[in-house]
Each structure stands twice: as structure tokens, then as C-alpha cells.
Amino acid sequence: PCKKLSQDIEKNPLNLDNVKYMEIDIENNDEMVEQYGIMSIPCTIILDDRNNEISRKVGYPGLKEYINWIKNNTNYE
């Protein structure tokens with residue numbers, strides 16, 4: 001699922017003005033793993049401007065559902 005998510009985003013950039021997408025290697029970033037309590041991957045976390053968690057999705061349901069989830073949890077119109 002991690003590779004599929006990464007490939008789909010690479011082929012179809014999110015192009016959502018208010019969304020910044022970052023891919024994190026959990027094996028080399030223990031601090032973020034601990035800070036956000038990441039226990040399963042892929043794990044996508046939507047944060048507000050102050051880095052407070054708004055929503056979290058574990059796994060990858062496919063690009064269409066993934067983008068809809070992002071839109072529903074951000075100020076995207």
C-alpha cells in the first residue's frame with residue numbers, strides 16, 4: 001500500500017492549493033513516529049496550521065477515496 005500510494009501521488013499530484021504533501025521515511029524519523037503515534041503504515045495525517053491533528057487515515061483505499069478524504073478534512077472547495 002505504501003508504494004501504491006506513493007506511485008499514485010507521483011502520477012497524479014494532489015494539486016490542492018491548501019494541501020502540502022510530505023512523505024516521511026519512518027525508519028529514519030523516530031521523532032515524528034513517536035510525536036504522531038504512528039503504529040501502522042501507510043499513515044496519512046492531516047494537520048492544521050499549528051500542527052494539530054485534524055484527521056488520520058491508515059492504509060490506502062485508492063486515489064479517488066483518498067483525495068475525497070483529504071477534501072472532506074481540509075478547507076478545499
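Buried means under 20% relative accessible area, exposed over 50%, and partly exposed in between (1.4 Å probe, protein chains only). This is a predicted model, in which local features need pLDDT of at least 70 and side-chain atom pairs count only at pLDDT 80 or more, while totals for chains, interfaces and linings use all residues. Residues are numbered from 1 along each chain as its sequence is written, and side-chain values use heavy atoms, with hydrogens and water left out.

**Figure 1. The chain as a whole.**
The secondary structure comprises 3 helices and 2 strands (DSSP runs numbered from the N terminus: helices are H or I, at least four residues; strands are E, at least two). Read from the N terminus, the order of elements is α-α-β-β-α. Along the principal axes, the C-alpha atoms occupy a box of roughly 35 × 30 × 15 Å. Of the 77 residues in the chain, 27% are buried. Contacts (heavy atoms within 4.5 Å) also link parts of the chain that are separated in sequence: among those between residues at least 6 apart, 39% join residues at least 24 apart.

**Figure 2. The surroundings of C2.**
C2 belongs to helix α1. Its relative accessibility is 33%, so C2 counts as partly exposed. Once its neighbours within four places in sequence are set aside, C2 is in contact with I41 and P42. The view also includes E23, which is 21 residues from C2 in sequence. The C-alpha atoms of C2 and E23 are 10.0 Å apart in space.

The whole structure holds 2 salt bridges (a side-chain nitrogen of Lys or Arg within 4 Å of a carboxyl oxygen of Asp or Glu). Side chains of opposite charge can pair when their charged atoms come close. In this view the side chains of D8 and K4 form a salt bridge, at 3.0 Å from N to O. Both residues are part of helix α1, residues 2–11. D8 and K4 are 4 residues apart there, about one turn of the helix. Is D8 buried or exposed? D8 is buried, because its relative accessible area is 8%. K4, at 43% relative accessibility, is partly exposed.

**Figure 3. The salt bridge between E53 and R56.**
E53 is joined to R56 by a salt bridge. The closest N and O atoms of this pair are 2.7 Å apart. E53 has a relative accessible area of 40% and is therefore partly exposed. R56 is also partly exposed, at 31% relative accessibility.

**Figure 4. K57, a buried charged residue without a salt bridge.**
K57 lies in strand β2, which covers residues 53–58. This residue is buried but takes part in no salt bridge. How far from K57 is the nearest side chain of opposite charge? That side chain belongs to E65, and the distance is 4.2 Å (Lys and Arg count as positive, Asp and Glu as negative; His and the chain ends are not counted).

**Figure 6**
The structure has 2 aromatic pairs (rings of Phe, Tyr and Trp, with its six-membered ring, whose centres lie within 6.5 Å; planes under 30 degrees apart are stacked, over 60 edge-to-face, the rest tilted). Y60 and Y66 make an edge-to-face pair, with 5.6 Å between centres and 70° between planes. Y66 and W69 make a tilted pair, with 6.0 Å between centres and 40° between planes. Together Y60, Y66 and W69 form one aromatic cluster. Y66 and W69 both sit in helix α3, residues 63–72. The two are 3 residues apart, about one turn of the helix. Y60 and Y66 are both buried. The relative accessible area of Y66 is 0%, and W69 counts as buried at 10% relative accessibility.

**Figure 5. The largest nonpolar core.**
This core has 11 residues (buried Ala, Val, Leu, Ile, Met, Phe, Trp, Tyr and Cys joined through side-chain atoms within 4.5 Å). Its members are L5, I9, L14, L16, I46, Y60, L63, Y66, I67, W69 and I70. Helices α1 and α3 each supply at least two residues of the core. Which element gives the most to this core? Helix α3 does, with 5 residues.
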